[in-house]
Amino acid sequence: MAPMIEVKNVTRRFGGFVAVNDCSLSVEKGSITGLIGPNGAGKSTLFNMVAGNLEPSSGAIFLDGREITGLKPHQLFGRGLLRTFQIAHEFSRLTVLENLMMVPAGQPGENLFDAWFRGRKVREFERGVRERAEEVVDFLQIGHVQNELAGNLSGGQKKLVELGRTMMVDAKVVLLDEIAAGVNRTLLNDLASNIERLNRERGYTFFVIEHDMDLIGRLCDPVVVMAAGSVMMKGSLAEIQADERVVEAYFGG
Ligand code: ADP
Ligand code: MG
């Protein structure tokens with residue numbers, strides 16, 4: 001079975017500086033794979049290339065066995081690869097439900113939008129989107145804030161909405177970049193439970209950059225360690241924490 005994501009010998013240069021250096025890794029289908037490493041290791045640069053925000057200088061990237069190197073984010077969105085985005089300023093004056101409903105309308109996905117193109121009435125399309133948004137709100141248990149303006153939410157609630165936006169289309173794999181930062185423990189727990197449920201109940205694969213080791217330990221297996229632009233090690237968190245090179249490079253010796 002092809003991995004969900006496969007990165008093959010990918011290099012990214014910025015001028016003369018090599019941020020990602022001949023990097024190869026895979027994210028297996030159905031896994032929640034963690035990506036850790038010291039600051040400057042190249043994690044975000046790698047994510048940006050997988051998500052279509054940045055082109056590799058060389059190498060190739062595959063999604064479910066098909067090459068996606070150089071595809072743009074909206075093309076990847078149509079294939080079920082999504083990354084979460086902070087709620088943009090202009091969306092902070094929309095409610096939670098409205099924020100969710102913007103997703104299929106704003107970025108063509110496979111399902112709802114195709115149905116619309118097949119000639120169904122716009123109203124039916126909108127009703128479908130609303131139903132889906134309500135279903136997402138139920139799933140995430142954020143019904144109590146569904147009519148709240150997004151700008152009034154706490155950091156953690158915003159993260160839940162960001163996760164919810166990936167559920168408005170049928171995502172296969174979701175990239176999460178440091179979701180724990182600035183989120184209180186209670187909401188972090190909600191966020192983690194929802195990630196686990198999306199993984200178990202909906203078959204989502206996750207690829208997660210995270211500094212919070214508690215969250216990594218709870219969610220991620222395996223964990224990939226990057227250092228100086230390449231993969232240093234891949235294994236369970238326990239295996240990684242027992243590796244001297246990793247401890248030296250990352251956990252501070
Ligand atoms: P991480 O996310 O692991 O902290 P990054 O991928 O953000 O690492 O950065 C890796 C290296 O690439 C860093 O040294 C960073 O300064 C450099 N870098 C990242 N983006 C750019 C850019 N657009 N231009 C120049 N250098 C960059
Ligand atoms: Mg980063």
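Phe85 sits in the loop between β6 (81–83) and α3 (96–106); helices here are DSSP runs of H or I with at least four residues, strands are runs of E with at least two, and both are numbered from the N terminus. This is a predicted model, in which local features need pLDDT of at least 70 and side-chain atom pairs count only at pLDDT 80 or more, while totals for chains, interfaces and linings use all residues. Residues are numbered from 1 along each chain as its sequence is written, chains are lettered from A and ligands numbered from 1 in the order in which they are written. With 13 other C-beta atoms within 10 Å, Phe85 comes out as partly exposed. The cut-offs are simple: 20 or more other C-beta atoms within 10 Å of a residue's own make it buried, 12 or fewer make it exposed, and anything in between is partly exposed, with C-beta atoms placed from the backbone. Ala242 is 157 residues away from Phe85 along the chain, and 34 Å separate their C-alpha atoms.

Next comes the sheet. Six strands make up an open sheet in the order β6-β7-β8-β3-β9-β10, with mixed pairing; two strands count as paired if DSSP finds at least two bridges between them. At the edges are β6 and β10 (230–235), each of which pairs on one side only. From one strand to the next the twist averages 20°, taking axes as lines fitted to C-alpha atoms (for helices, over the stretch in contact) and angles from 0 to 180 degrees between N-to-C directions. Starting from β6, three bridges tie this strand to β7 in parallel, and Arg83 has Leu175 of β7 as its bridge partner.

To get from β7 to β8 the chain goes through helix α7 (residues 185–202), a right-handed β-α-β crossover; right-handed here says that, with the strands pointing away from the viewer, the path from the first strand over the helix to the second runs clockwise. On to β3 (residues 32–36), which is parallel to β8 and joined to it by four bridges; Leu35 has Ile209 of β8 as its bridge partner. Strand β8 (residues 205–209) is largely enclosed by the rest of the structure, because five of its five residues are buried.

As for ligand 1, its surroundings consist of Phe14, Phe17, Ala19, Gly37, Asn39, Gly40, Ala41, Gly42, Lys43, Ser44 and Thr45, where a residue is near if its C-beta atom, placed from the backbone, lies within 6 Å. Two or more residues of this shell come from each of β2 (17–27) and α1 (43–50), and α1 gives the most, with three.

Most residues other than glycine have a negative phi, and most peptide bonds are trans. Asn9, in strand β1 (residues 5–14), has a positive phi near 50° and is exposed, with 12 other C-beta atoms within 10 Å. Asp22, in strand β2, also has a positive phi, about 50°, but is partly exposed, with 14 other C-beta atoms within 10 Å. The peptide bond from Asp221 to Pro222 is cis, with omega near 5°, and Pro222 lies in the loop between α8 (213–219) and β9 (223–227).
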